[in-house]
Amino acid sequence: MEDVVVAEDLSKTYLVAEKDPGFLGTLRHFVRRRYKRIEAVKGVSFRLRPGEIVGFLGPNGAGKTTTLKMLAGLLYPSRGRVRVLGYAPFERRPGFLKRITLVMGNKAQLLWDLPVLDTLRINAAVYDIPEPEYRRRVERFAAMLEIEAILTQPVRKLSLGERMKAELMAALLHHPRVLFLDEPTLGLDVNAQAAVRDFVRRYAREEGATVLLTSHYMADIEALAERVILIHRGRLLFDGGLRALVARFAPYKEVRLDLEAPLEPAALAPYGEVVGVEGQSARLLVEKPRLTAAVARMLAALPVRDLAVEEPPLEEVIGRVFREGRLG
Amino acid sequence: MVRKLLAFLSVYYAHMTVYRGEILFWLLSGLAPFFFMAIWVAAAREGLTDRDPLSFARYFFFVFAARQLQVVWVTWTLSEEIKNGALAFKLLKPLDPLWHYLAQHLAERGVRLPMILVLVGVFWLLYPGALVWTGPGALFLGLLASLLGFLLNFFVAYVLGLLALWLEESTDLYNAWYVLFMLFSGYLAPLDLYPEAVRAFLFWTPFPYLAYLPAALWAGEPVAGAGRAFGVLAGWTLLAWLLARGLWRAGLRRFSAMGA
């Protein structure tokens with residue numbers, strides 16, 4: 001099947017006005033503007049197949065949102081080629097706009113002073129959704145998200161979690177085939193995060209939708225994505241499966257120790273990299289080739305009550321990749 | 001399109017009723033014509049003009065009414081949505097955002113209209129004899145002039161709002177437009193009191209059609225060259241619309257280049 005998203009050598013450069021602080025800086029800014037060229041995305045290439053859910057990861061300022069905006073048609077690329085469902089996104093043709101959506105966790109399309117249903121009604125009209133179909137979709141989504149009771153309340157009275165669920169409902173009402181989700185769980189509590197994740201997973205499965213998702217919460221990525229794309233300072237670091245990512249960037253295991261008595265990190269340092277000590281519990285990262293010997297030495301020399309060896313948490317792996325800026 | 005428009009009007013009407021207190025204050029802030037009315041009525045009583053006091057009362061009341069039908073704020077909305085990036089949500093949808101803004105204004109008129117009718121009643125009690133029935137033709141032509149005046153005002157405000165894509169702040173430009181409107185539209189004084197040469201020039205500008213033309217038509221005053229007046233008004237409205245379309249296309253290219 002044809003790829004849904006094609007990005008080749010995608011780049012975006014902005015001109016950003018710079019201003020020095022203080023009165024003199026303001027005067028200079030008024031008389032003569034100074035601009036700085038920011039290369040937000042530099043030659044990024046990837047493809048998404050139909051029905052894929054892909055995690056798009058990177059630290060703040062990595063170029064994730066700029067890339068998503070180029071894919072959704074809000075920005076045109078400075079260089080490179082981009083196609084979504086066969087369309088050039090920045091042309092914003094109705095056939096394209098009717099089949100995609102972009103959800104931004106830090107921005108809202110809901111009408112603030114009105115009930116959620118009013119925004120949904122506007123969207124139904126904009127996307128030409130017939131009345132019976134509109135009702136059916138609202139019923140279905142509201143049940144999936146468990147927000148039937150809040151649809152008639154003003155948006156400003158809703159909790160952050162309820163708002164994001166309603167936002168998703170408004171963004172998916174037209175049944176898009178491609179979802180660009182930018183931090184959809186930002187600031188939500190654990191339960192709301194889980195509800196949003198479940199909804200996205202179920203929608204993608206039932207509709208066969210393709211999803212490109214950015215999130216700072218690794219739980220989102222672990223729960224939804226089998227493939228991840230890592231981007232750092234505008235460049236692609238890694239594109240592949242989650243397991244491949246761990247194998248490539250985490251050639252170590254995590255050893256969890258439950259001790260008879262608390263120990264100083266310095267006492268644990270000879271066995272591996274100490275990543276956390278809390279009371280009588282400690283966590284160490286140990287390189288895989290040294291693992292057996294290190295475990296044997298720990299059991300012999302330390303007051304160990306229990307010991308477990310696990311794959312390191314994804315957060316740890318990705319944090320390490322970004323800190324080291326390792327290129328794939 | 002009809003279904004879209006009905007949905008928009010019903011939702012945005014609900015939205016505007018949330019701000020009914022604000023609309024009442026807006027309405028009160030538009031009472032300036034009554035202030036000018038008081039001045040000109042007093043001047044007429046002193047015999048300083050050829051017009052009689054009642055004709056001034058009638059004229060300025062209709063200036064107020066025409067102005068109420070033409071209030072626009074799209075410059076502020078656009079400027080704000082461009083700056084905070086909210087325009088992006090409208091650009092992601094397969095419908096020109098202009099329809100949203102237009103529907104918001106039309107829905108607001110639905111909330112404002114009953115309040116205007118109350119003011120009509122109050123005025124009728126305060127100035128008996130000032131409101132006279134000048135016939136369905138005058139009523140229709142006055143409404144047509146007001147509608148075209150609203151569209152002209154709306155597209156000018158839209159153009160000025162779009163300039164926020166190039167300038168950091170564009171709302172002050174609307175204030176400049178408003179000053180020209182105040183001076184040259186017949187808002188401060190009926191245009192027949194202006195020198196002949198000035199009046200002849202002004203009738204080629206868009207301003208007289210925003211206040212003087214509808215007010216004079218409703219008041220049953222003779223409007224010389226009404227046909228030409230409508231032609232000039234329609235021409236300016238068309239020009240403002242074309243400018244709004246052109247600037248929108250150029251603005252989108254800029255928005256797409258710079259981002260929200």
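## Close-up views of a predicted two-chain model

**View 1. Helix 4 and helix 6 of chain A.** The axes of helix 4 (residues 116-126) of chain A and helix 6 (residues 160-172) of chain A approach to within 9 Å and cross at roughly 15°, which makes helix 4 of chain A roughly parallel to helix 6 of chain A. Here axes are lines fitted to C-alpha atoms, for helices over the stretch in contact, and angles run from 0 to 180 degrees between N-to-C directions; angles under 35 degrees count as roughly parallel, over 145 as roughly antiparallel, 65 to 115 as roughly perpendicular and the rest as oblique. Helices (H or I, at least four residues) and strands (E, at least two) are DSSP runs, numbered from the N terminus. Residues are numbered from 1 along each chain as its sequence is written, while chains are lettered from A and ligands numbered from 1 in the order in which they are written. This is a predicted model, in which local features need pLDDT of at least 70 and side-chain atom pairs count only at pLDDT 80 or more, whereas totals for chains, interfaces and linings use all residues.

Helix 4 of chain A passes helix 6 of chain A in a right-handed crossing (a crossing is left-handed if the near helix is turned anticlockwise from the far one by less than a right angle, and right-handed if clockwise). On the side of helix 4 of chain A, the contact consists of Val116(A), Thr119(A), Leu120(A) and Asn123(A), and these meet Ala166(A), Met169(A) and Ala170(A) of helix 6 of chain A. Two residues are in contact if their C-beta atoms, placed from the backbone, lie within 7 Å. Sorted by class, the residues of this contact are 5 nonpolar, 2 polar and no charged, where Ala, Val, Leu, Ile, Met, Phe, Trp, Tyr, Cys and Pro count as nonpolar, Asp, Glu, Lys and Arg as charged, and the others, Gly among them, as polar.

**View 2. Where chain B touches chain A.** In all, 20 residues of chain B are in contact with 22 residues of chain A. Helix 1 (2-18), helix 6 (87-91) and helix 12 (226-258) of chain B each supply at least two residues of the side that touches chain A, and helix 1 of chain B gives the most, with 8 residues. This side of chain B has 13 nonpolar, 4 polar and 3 charged residues.

**View 3. Helix 4 of chain A beside helix 1 of chain B.** The axes of these two helices come within 9 Å and cross at roughly 165°, so helix 4 of chain A is roughly antiparallel to helix 1 of chain B, and the crossing is left-handed. From helix 4 of chain A, Asp118(A), Arg121(A), Ile122(A), Ala125(A) and Val126(A) meet residues of helix 1 of chain B that include Arg3(B), Phe8(B) and Val11(B). This contact has 7 nonpolar, no polar and 4 charged residues.

**View 4. The mixed sheet of chain A.** An open sheet of 6 strands, in the order 5-6-7-3-8-9, has mixed pairing (two strands pair if DSSP finds at least two bridges between them). Strand 5 (100-104) and strand 9 (235-241) of chain A are the edge strands, each pairing on one side only, and the twist averages 15° from one strand to the next. Strand 3 (residues 53-57) and strand 8 (residues 227-232) of chain A run parallel and are joined by 4 bridges; in strand 8 of chain A, Ile229(A) is the bridge partner of Phe56(A).

View 5. The domain assignment of chain A gives domain 1 (5-246) and domain 2 (252-310), with bounds that come from an automatic or database domain assignment. The C-alpha centres of domain 1 and domain 2 of chain A lie 41 Å apart.
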